[in-house]
Every structure is written in C-alpha cells, then in structure tokens.
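Me: Can you walk me through this one? I'd like to go over salt bridges, the chain contact and a sheet.

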Amino acid sequence: MTAGHVRNLAHSRTVVATVCPQCSIEAPGDLRFCEECGTRLEAPPVAPPDCQKCGATPDEIDPDGYCMACGHRRVASKRDRFERPVSASFAGLTDRGLRHHRNEDFFTMDKVGDDAHVMVVCDGVSSTLDADKASEAAAEAAFRSLVQSLESGQDTRRTALMAAISKACAAVTALASSGESPASTIVAAVARGGFIDVAWLGDSRAYWIGPEGPAQQLTEDDSESPDSHAITKWLGADAPEDQVTSTVRFEIPGPGSLLLCSDGLWNYLPDPADMVRTGTDAVDIVHTLIDFANGSGGHDNITAVLLLVA
Amino acid sequence: MTQFKAEVFQNAYIPQGADEVNAIMTVTVDGGATLGSSGEKLIGIVCDTSGSMEGGKIHAAKDAIVRLVWMLPQDTTFFVIAGGEIGELIVPSVRATNDNKQRAIAAIKKMKAIGGTCISTWLARALDQFAGAPGAIRQCILLTDGENEKQDEPLLEGLLDACEGQFQCECRGVGSDWKVEELRKISGRLLGSTDIITRPDLIEADFKEILARALSKEVSDVALRLWTPLGARVRFCKQVSPDIVDLTSRARQPKAQVFDYPTGAWGKAESRDYHFCIEVKPGEVGDEMLAGRASLVVTTAGVENKVAEARILAVWTDDESKSTKIDRRVAHYTGQAELAQSIQEGLEARGRGDDDVATALLGKAVRLAHESGNEATTKLLRKVVDVDNEEQGTVRLKRQVTKEDAMALETRSTKTSRIQRA
C-alpha cells in the first residue's frame with residue numbers, strides 16, 4: 001500500500017517526501033492528497049521530539065543536555081554509545097553523534113565457531129518513532145538467526161543471510177502500531193574461509209580495504225541517487241512489498257580489512273581506506289573513525305564494525 | 001572584570017511526587033580581583049534635624065557627621081541633607097577635597113533641630129543627587145530618632161518606588177523613640193540594613209563602620225538572575241547571610257522563565273548566601289531536572305554581564321536513603337529563618353502582654369540560636385530573658401528590660417550565623 005514511500009534518512013529529520021502510489025508523482029511531505037490524481041497520501045511520520053519530556057527542539061537543549069524549556073535532562077542511556085572489543089582484530093563502536101538526541105544505530109557482532117565472524121549494522125529511520133528500537137530489534141534478530149544457522153551447519157551462507165534479513169524484518173514489523181511503522185536499514189556480513197558474504201537493505205555499507213588503493217565498496221546503496229539519503233528499501237511494516245534483498249559474495253584477495261558502517265560515518269568519509277590503514281588494532285581504528293565523524297560535525301549517529309584479516 | 005564565584009549546596013534527590021527543590025547558593029567575590037566599576041563613589045548623608053533631636057542627639061549627630069566628612073577619601077563625592085519637615089540640601093554633591101570638606105563642615109555645624117519629620121522629602125532630595133551619578137557606587141546613610149509624620153506615609157511609599165534601584169540606604173535609629181518597622185521598610189527596599197544606636201555617643205563608631213563598608217564596595221547594580229523551567233514557581237528567594245532579606249517580591253522579570261532579584265553593590269572578598277525554594281512539576285523516578293539556573297548579572301553602562309553561574313537540580317528517586325537527607329546548609333538556614341521568626345513573634349507577644357506565648361517563642365529562639373552557634377543572637381536574647389536551660393530552651397521573661405535592648409534584639413534578629421564547619 002505504501003510501496004511508493006521514500007524514506008529520507010539523514011540530515012532531514014522531518015521531511016518525508018511521499019510518492020503517490022497511483023501516479024508516482026512525488027508530493028511534498030505536508031500534502032495529504034496527491035495534487036495530480038487526488039489519491040489520499042499517507043500522513044508522513046512525525047519526527048521524535050528532541051526533549052523527551054516536553055518536545056522542545058534541539059536548539060533548546062543546552063550543552064549539558066538540559067532542556068531550556070522544561071528543565072529535564074535527556075536521560076543518558078547505555079544505548080547512546082557502546083563498543084564490542086571482541087579482539088584486537090575485531091571490534092565495533094557506535095555513538096549518538098553530536099546532533100541527535102539519541103542513538104538510533106545498533107550493531108551486533110561476534111566470532112562464531114573457530115573461523116566465522118558475524119556482524120550486523122542497522123540504522124533506524126529517524127523519521128519514525130521508535131527508530132532506536134527498530135534498529136536494535138533488527139540487529140539482534142539477524143544476529144541470532146545467523147549464529148543459529150552457522151552453528152547448525154546446514155545452511156549455505158547466502159540462505160543463512162536471507163533467513164537473517166527476513167527474521168530482522170519480522171522483528172521490526174512487530175514493532176508497528178496504529179499509524180506508526182518503525183523502520184531500519186540493515187547490512188549483515190559473514191566472513192569465513194576466504195569469503196565474505198554480505199546482505200543489505202538501505203544505505204548502511206560494507207567496504208573492503210586492501211593494503212593499498214581506495215576502499216572497495218561491497219554494497220550498493222538502496223537509495224534514489226548516490227547523493228540522496230532517501231532510501232528505497234528498508235526493514236519495517238511499511239517496507240516496499242516487492243523489495244529484494246541485495247547480496248554479494250566477495251573472495252578475500254589477501255590481507256585487508258572489512259568495515260561495516262552507517263551513513264553517519266561514510267557521509268564524512270566516503271573512502272575510509274587511509275584512516276583504516278593508519279592503525280593495527282581494530283579497537284583503536286573504530287575509535288579513530290567515530291572521533292573523525294564527530295570531529296567533522298557528528299550530524300548523525302555513527303557506527304563502525306571492523307574485522308582485520310591477516 | 002569582577003570575579004564572582006557561585007556555588008550551590010543542596011540535596012538534589014527528592015522522593016517520588018515531591019515538587020519542592022531547596023538550595024543554598026554561596027556567592028563570593030574573589031578578594032584579589034580588580035573590579036570593573038567606574039570607581040566613582042557617591043556617599044549621601046541624611047540627618048534628622050526635627051525638634052526631637054534637640055539637645056544631646058543633634059550635637060552628637062553633628063559631631064559624628066563632621067568626623068565622617070573628614071574621613072572621606074579625596075576621590076569620593078558626597079552630599080549632606082538636613083531632614084526636618086522638608087529635606088534641605090545643605091551640601092550639594094561635591095568632591096571630598098579639603099576645601100569642600102571645610103565648607104561642608106561649616107554648613108553642618110549650622111544645623112538646628114526644629115520642626116517635624118517628613119522622610120519622603122529627605123529621600124526626594126537624595127534621589128536628585130544620586131540620579132546624577134548613575135555609574136557610581138551610590139550609598140546613603142540615614143539617621144533619625146523618631147517616627148515619621150503620619151501624613152507623610154503615602155508620600156514615602158511613592159518615594160520608595162522611585163528610589164528603588166537608584167541608591168542603597170543604611171538606616172540608623174538613635175535612642176528608642178523610632179519604629180523598627182518603619183526604618184526596616186526603607187532599608188529593605190533600598191538594600192540596606194536597619195540598626196539601633198542606643199546612645200548618641202555611639203553614632204560616630206557606627207558611621208565609621210558604615211563608611212568603611214560603603215567604601216569597600218567596588219561594583220554596583222548586581223542582580224541575581226534565576227532561570228526556572230516552564231511550569232515552575234519560585235516559592236521564595238531570600239538572602240540568608242549575613243542577614244535575612246526576603247527578595248521574593250522584589251523580582252523583575254526580563255523575560256519568560258527568568259527573574260532578576262536586586263542585590264545592590266558588592267565589595268572585595270564579600271560573601272553572601274541565598275536560599276532558593278522552587279516548586280516544580282514532579283518528574284518520574286529516575287528523571288533529572290534543571291530546577292533552576294542561578295547567575296549574577298552585572299550591568300555596566302547598560303550592558304549586561306553574566307559573571308557567575310550555578311545549577312539547582314532535582315533528581316527523583318525511590319531510594320529513601322538518598323531522598324531523606326537534608327543538606328546541612330539548607331537545614332541551617334531554614335533554622336535561622338525560624339529563629340528570626342520566633343524572635344519577632346516572641347517580642348510581639350511580649351509587647352501585647354501574652355507572656356506564655358512570648359516565653360515559648362523566645363525560649364525556642366534561645367534553643368535555635370544555641371544549636372546553630374549564633375552567639376550574637378544568644379547574647380541579645382539574654383538581655384530579654386533569663387535562660388534556665390539553653391539546650392531545651394527553658395527561659396523566663398525578664399521583669400526589667402530596657403526598650404533599647406528589646407529594639408536591639410528586634411533589629412538584629414535577622415542576622416544569621418554561618419554554618420559551623422563540620
């Protein structure tokens with residue numbers, strides 16, 4: 001029913017362009033009916049308030065996090081910034097950034113068995129309520145599904161990934177309530193035995209960084225254009241019905257690094273190769289990446305998961 | 001620029017459903033700092049010359065004022081008003097040069113005690129003089145011995161409105177024929193104190209002290225600014241040290257959610273305490289709220305400068321071990337306010353002959369003064385009551401109490417002690 005809906009991910013937290021499902025004409029977010037054919041357009045989702053208590057806008061929050069209208073402080077949650085330093089060669093870090101009032105990114109990762117590395121990055125769509133819950137539910141569901149598949153040893157990695165994305169989609173869909181459809185991107189990867197398999201929806205990315213040259217983007221953004229943050233595929237109750245999950249298999253050519261990240265990083269760093277190569281410890285490198293994004297403005301939530309391959 | 005330091009003391013933890021936040025803020029001027037005022041100081045001397053001053057009082061007052069004029073540093077400016085039925089400007093604002101001092105002294109010596117007491121006309125003359133020195137430290141000293149004429153009351157009320165914020169005024173009553181309430185109304189509005197000078201020969205020492213304090217002031221027109229969240233209400237804002245001054249009704253509101261309370265001029269190394277009591281909308285357990293943001297604002301040549309800031313917080317908790325604690329300073333000053341109130345109500349009861357109530361209230365005052373280590377107040381109380389047991393507050397009213405001792409207790413009941421170091 002809302003197949004024509006285009007999600008606007010970053011930078012614009014409130015504007016959601018709506019494409020008329022009948023005639024495919026794009027309408028400004030505040031129109032309730034298509035001006036071409038008169039079809040009713042779904043009301044755009046409301047951006048979450050920036051003061052959790054009174055809904056004051058971000059410019060009313062003082063540098064210490066107190067709302068200058070109602071006085072309440074944004075409750076700092078563990079969700080805002082957390083890391084998983086699995087080993088010196090496998091680490092992830094996510095951060096709220098500087099401008100958003102909460103972190104709507106989430107990631108899950110671990111080493112499974114002796115030789116498999118599993119990692120999932122999700123970026124909740126800011127224009128929906130509960131975007132933070134959406135990304136968390138998606139990343140957790142996809143991760144559990146992947147671990148189960150890998151441990152049972154029955155599925156090929158591609159089918160394991162497809163099953164994981166479908167579990168993630170079910171988890172996000174379950175969060176929908178009347179009028180609200182939380183949504184999230186997803187990029188999931190499994191590295192094992194000389195290959196990396198990746199599946200994704202939306203514009204969270206996977207990169208391969210070799211010993212030299214630019215980074216190789218393994219994913220292709222599901223967005224309207226390379227410069228646009230309007231994604232065309234996502235997880236959620238209102239996801240396009242006919243969307244197909246993209247997958248890619250990459251043969252590891254030699255030593256290098258696999259990086260999964262949300263657009264909060266790649267917006268500032270489209271080619272992370274040099275920065276990734278400056279370090280030898282995955283924990284240090286992910287910190288460097290997140291610090292760089294915050295140092296560049298931190299306009300969005302930032303997530304980076306890195307696997308160093310010897 | 002002036003170095004002000006503001007520090008808040010409170011227990012931010014309050015129980016579920018609580019809507020009141022209490023905090024004590026200590027404001028201190030850094031002793032080593034050079035302050036940013038123009039350095040100009042204008043001292044106004046207003047002396048009652050009504051008929052009742054005739055005799056020892058007018059002589060002592062004239063002597064004291066002459067000595068005071070001699071003590072003025074050369075870089076200050078001063079004026080003198082002789083107050084009777086109409087205020088007469090006998091020395092208009094002049095620099096305190098030797099020549100000017102001599103001319104002023106000649107005029108002061110000619111003052112005669114005659115006629116009635118119309119304080120509004122004295123203040124009107126003073127206001128004219130202070131209006132000509134907006135950037136200066138503006139300090140007035142008012143000496144009287146009697147009650148204001150009844151017909152002057154409404155005029156005085158209007159004059160106080162006009163004078164508020166224009167200058168500060170210390171009021172002194174000599175002898176015991178004046179009304180504490182009356183002078184306190186003037187000094188309260190004009191950010192000064194009221195005190196009794198029991199004998200004319202003590203005028204000089206008192207004036208000396210007032211002058212020293214006035215000359216130590218380095219920055220004038222300082223406001224205490226309090227921001228509160230939407231839906232909050234300031235239950236009270238009081239200066240609680242060195243004495244209690246309720247500023248609650250004195251607030252101006254420059255914009256929504258912001259109140260400015262006048263604090264007057266500040267001197268080097270000066271320190272005062274303030275008690276804020278703010279009513280807020282109760283949050284949920286775990287919520288943290290900025291219940292107030294208190295700062296000091298110095299206005300120089302129309303430009304506001306925020307010079308210190310401190311936060312008042314509220315954190316709702318279901319942990320009783322946290323929320324039942326009362327901050328030591330909040331408890332101390334709550335006690336000092338209760339002490340002042342017990343004295344005032346106790347003296348009132350004593351005045352109307354209600355000995356039982358007076359004994360109970362003054363006994364409670366003795367206990368509170370003892371508990372808080374307020375020795376100055378204890379000493380004054382002992383002139384009015386015989387103390388049987390200080391800790392329990394068991395007292396007997398003295399049979400023979402001079403009017404001066406009762407008035408001294410009344411005027412100084414608002415003087416507080418600072419918290420004793422733990």
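**Salt bridges, interface and sheet**

Reply: Helix H9 (residues 355–371) of chain B holds both B:Arg367 and B:Glu371, 4 residues apart, about one turn of the helix. Helices (H or I, at least four residues) and strands (E, at least two) are DSSP runs, numbered from the N terminus. This is a predicted model: local features need pLDDT of at least 70, side-chain atom pairs count only at pLDDT 80 or more, and totals for chains, interfaces and linings use all residues. Residues are numbered from 1 along each chain as its sequence is written, chains are lettered from A and ligands numbered from 1 in the order in which they are written, and side-chain values use heavy atoms, with hydrogens and water left out.

Me: What do B:Arg367 and B:Glu371 form?

Reply: A salt bridge, with the closest N and O atoms 3.3 Å apart. The term means a side-chain nitrogen of Lys or Arg within 4 Å of a carboxyl oxygen of Asp or Glu.

Me: How many salt bridges over all chains?

Reply: The count comes to 48. One of them joins B:Arg235 and B:Glu279, at 2.9 Å, N to O. That pair links distant parts of the chain, 44 residues apart: B:Arg235 is in strand E11 (residues 233–241) of chain B, and B:Glu279 is in strand E15 (residues 271–279) of chain B. B:Arg235 is partly exposed at 28%, and B:Glu279 is partly exposed at 21%.

Me: Which residues are linked in a network of salt bridges?

Reply: B:Glu153, B:Glu157, B:Asp161, B:Glu164, B:Lys185, B:Arg189 and B:Arg250.

Me: Now the chain contact. How many residues of chain B are in contact with chain A?

Reply: 14 residues of chain B, against 11 of chain A. Contact means heavy atoms within 4.5 Å. The buried area is about 1000 Å², and carbon and sulfur atoms give 45% of it. Buried area is the accessible area (1.4 Å probe) that two parts lose on being put together, summed over both.

Me: How many salt bridges across the interface?

Reply: The rule finds 4. Among them, B:Arg293 meets A:Asp62 at 2.5 Å, N to O. On the chain B side, strand E16 (288–300) and strand E17 (303–317) of chain B each give two or more residues. The largest share, 4 residues, comes from E16(B).

Me: What is that side of chain B by class?

Reply: It has 7 nonpolar, 2 polar and 5 charged residues. Ala, Val, Leu, Ile, Met, Phe, Trp, Tyr, Cys and Pro count as nonpolar, Asp, Glu, Lys and Arg as charged, and the others, Gly among them, as polar.

Me: On to chain A. In what order do the 6 strands of the open sheet come?

Reply: The order is E4-E5-E17-E16-E11-E12, with antiparallel pairing. Two strands pair if DSSP finds at least two bridges between them. Strand E4 (81–87) and strand E12 (216–217) of chain A are the edges, each pairing on one side only.

Me: How many bridges between E5 and E17 of chain A?

Reply: 6 bridges, in the antiparallel sense. Within E17(A), A:Ala304 is the bridge partner of A:Leu93.

Technical notes. Buried < 20%, exposed > 50% of the residue type's maximum accessible area, 1.4 Å probe, protein only.
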